[in-house]
Amino acid sequence: MSRPGRDDSPDRLYTLTQGRSRSAPDAPFDLVTLVVAESGPTPGMQSELAAILRMCELPTAVVEIAAELRLPVSITRILLSDLLDAGRISARHPRAAAGHSLPDPDILEQVLVGLRNL
Amino acid sequence: MDSAISDATAERRDAALSATADNGLKIVVVGGFGVGKTTLVRSVSEIRPLNTEETMTQAGRGIDETGGLDGLRAKTSTTVAFDFGRITLDAHNVLYLFGAPGQERFWFLWDRLFSGTLGAVVLVDPRRIEDSWYAIDRLEHHGTPFIVARNDFGGSAHTAAQLREALDLDPGVPLVDCDARSRESSKNVLIALVEHLKTLYAAQETAK
C-alpha cells in the first residue's frame, strides 16, 4: 500500500496549506476528534476541503480523514483548522482527560461494557 | 466511472459512525516489526485497518508560519506510519486502536499523537523479547499505563516468570498471553488493559 504523504513532493503539501507547516499551537484537533460537516462543498473549493466536507456528513475522526486523503496528520489538522474557522465543520473533542491523569472510571466502565459486548 | 474509487467510497459509507458518536478514545498497541500489531487490530476492528502517517521536522517545534518552504526543505523530517482500526462501543463512544512501531523515532511523536490515550498494550514476540525493552522504557517515561501481551506463536520456551524477568517488568504490570489472530483473544487483551486501568484508578483514589 502506498503511504500517504511519502510520495508527495513537499511542494504539494506546501501548496495545500499555503506554506504553513503546522497548525496553530493551540490547535484543538486530537487524532480522534470527531469532525462533522456543517455545510456542503461549494463550487471552486479546494478539492481536499470539499472531500473533507463530503466525508464528514456523519462524524469522522481526524485520523480517518488523514488516511482517506492520504495526507500526514499534521497537514490534515491545518486544513481542518481552516474549515473550523470558516464555520464549515464542528468538532467533537474527546472527553478523556488529556495528559497523564487516569481516565474517569465512568468512561472506563463504558469501555469495558462495550468491549464485552463485542 | 472509476469503480475502484466508487467501491472505496461505498465501503466508507458502510463503515460510517452513527450521528450520535461524540467521544473518541485511544488505545495504542506497541511492538516490534512483525510481532502482530496489525493482526491484533484487524481481529477486533469493525473497519479494515487503515494506514496513515505523521511527519515532523526535527526542528519542528521551532518553525513558525513564516518559515515557509525554505524552512521545510532545510530540516530533516521524521516520518512515522501507523495502522489503526475502530470499535464502536455504544451510541457515544468510539474506540480507536493504533498499531504503532516501537522504534526510536516514533517516540518523538508520542505526545503529539497519543496524549490522552487510555493506555497501551506492549505486544511481545517471545522469540524476540529484546524488541520490547525500549517500548516499555518509553511508556514508563511517558507515564502511560500499559500491560504486556505475549503473542503466542506456538510453544513459547519461557514461563511467564522468566518473561517477566527478561522484561524487568514491574510486578504491578499485568502479563497476558494472546493469539492476535483470534478476535476473542484480542478482545480479552483490551479488557485486561481496561481492568488494569480501573485498578490503577482505585489505587490512586485510595492513596488520596
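This is a predicted model: local features need pLDDT of at least 70, side-chain atom pairs count only at pLDDT 80 or more; totals for chains, interfaces and linings use all residues.
Let me begin with chain A, which has five helices and three strands, and whose elements, taken from the N terminus on, come in the order α-β-α-β-α-α-β-α. Of the 118 residues in chain A, 43% are buried, and if we take the contacts in this chain with a separation of 6 or more, 69% of them are between residues 24 or more positions apart.

Chain B, for its part, has seven helices and seven strands, and along its sequence these follow the pattern α-β-α-β-α-β-β-α-β-α-β-α-β-α. Buried residues account for 40% of its 208 residues, while 75% of the contacts between residues at least 6 apart in the sequence of chain B join residues at least 24 apart.

Now to the helix pair. Two packed helices are described by the angle between their axes and the distance between the axes. In chain A, helix 3, residues 62-69, and helix 4, residues 73-85, have axes that come within 9 Å and cross at roughly 110°; since angles of 65 to 115 degrees count as roughly perpendicular, helix 3 of chain A and helix 4 of chain A are therefore roughly perpendicular to each other.

Which residues meet there, between helix 3 and helix 4 of chain A? From helix 3 of chain A come A:Val62, A:Val63, A:Ile65, A:Ala66 and A:Leu69, and they meet A:Val73, A:Thr76, A:Arg77 and A:Leu80 in helix 4 of chain A. Sorted by class, this contact of helix 3 with helix 4 in chain A has seven nonpolar residues, one polar and one charged.

Conventions: Residues are numbered from 1 along each chain as its sequence is written. Chains are lettered from A and ligands numbered from 1 in the order in which they are written. Axes are lines fitted to C-alpha atoms, for helices over the stretch in contact, and angles run from 0 to 180 degrees between N-to-C directions. Helices (H or I, at least four residues) and strands (E, at least two) are DSSP runs, numbered from the N terminus. Angles under 35 degrees count as roughly parallel, over 145 as roughly antiparallel, 65 to 115 as roughly perpendicular and the rest as oblique. Two residues are in contact if their C-beta atoms, placed from the backbone, lie within 7 Å. Ala, Val, Leu, Ile, Met, Phe, Trp, Tyr, Cys and Pro count as nonpolar, Asp, Glu, Lys and Arg as charged, and the others, Gly among them, as polar. A residue is buried if 20 or more other C-beta atoms lie within 10 Å of its own, exposed if 12 or fewer, and partly exposed in between; C-beta atoms are placed from the backbone.
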